[in-house]
Amino acid sequence: MDFDEVFAIAFAFPGVVRSTSYGTPSIKLGTKFLLREREPGILAVQRPSIDERDMLIEADPDLFFITDHYRDYPYVLIRLDRLTPDHFRALFETIWREKANKSQVSAYKP
């Protein structure tokens, strides 16, 4: 996958906008940060907890990882070349639902 494919999937969710963060393309829910392209081929995705992030890394270290910079923050890095559209959609729906309001959730039609 590439960032344009990621955005095409994310844009189907109500309230999602394309933006920039730290000079790189990002996806937000209104003004709320969801993820960004850390560098070409690598997404930085906010997670609800470090424990959840660590479980993702343990379950699939070829897809999920972190650098020392993210060690103390609830972010996980994702290798786009190993990510499928269906897997991304499921991951994105989880992070989107954590920040979506009730009307956005009600408006979402999978």
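What covers the buried residues of helix 2? The cover includes strand 5 (64-65) and strand 6 (75-79). Helices (H or I, at least four residues) and strands (E, at least two) are DSSP runs, numbered from the N terminus. This is a predicted model: local features need pLDDT of at least 70, side-chain atom pairs count only at pLDDT 80 or more, and totals for chains, interfaces and linings use all residues. Residues are numbered from 1 along each chain as its sequence is written, and side-chain values use heavy atoms, with hydrogens and water left out.

Helix 2 spans residues 50-59, and Arg53, Leu56 and Ile57 are buried in it. Buried means under 20% relative accessible area, exposed over 50%, partly exposed in between (1.4 Å probe, protein chains only). Seen down the helix axis, the buried residues fall within an arc of 95°, so they line one face. The arc is that of the directions from the axis to the C-beta atoms. The face turned away carries exposed Asp51, Met55, Glu58 and Ala59.

Now the core. A nonpolar core is a set of buried Ala, Val, Leu, Ile, Met, Phe, Trp, Tyr and Cys residues joined through side-chain atoms within 4.5 Å. The largest has 36 residues, of which Ile27, Leu35, Leu43, Ile78 and Phe92 touch the most other members. Elements that each supply at least two of its residues include helix 1 (3-10), strand 3 (32-39) and helix 3 (85-99).

Arg47 lies in the loop between strand 4 and helix 2. At 5% relative accessibility, Arg47 counts as buried. Beyond four places in sequence, Arg47 touches residues including Glu52, Arg53, Leu56 and Tyr75; contact means heavy atoms within 4.5 Å.
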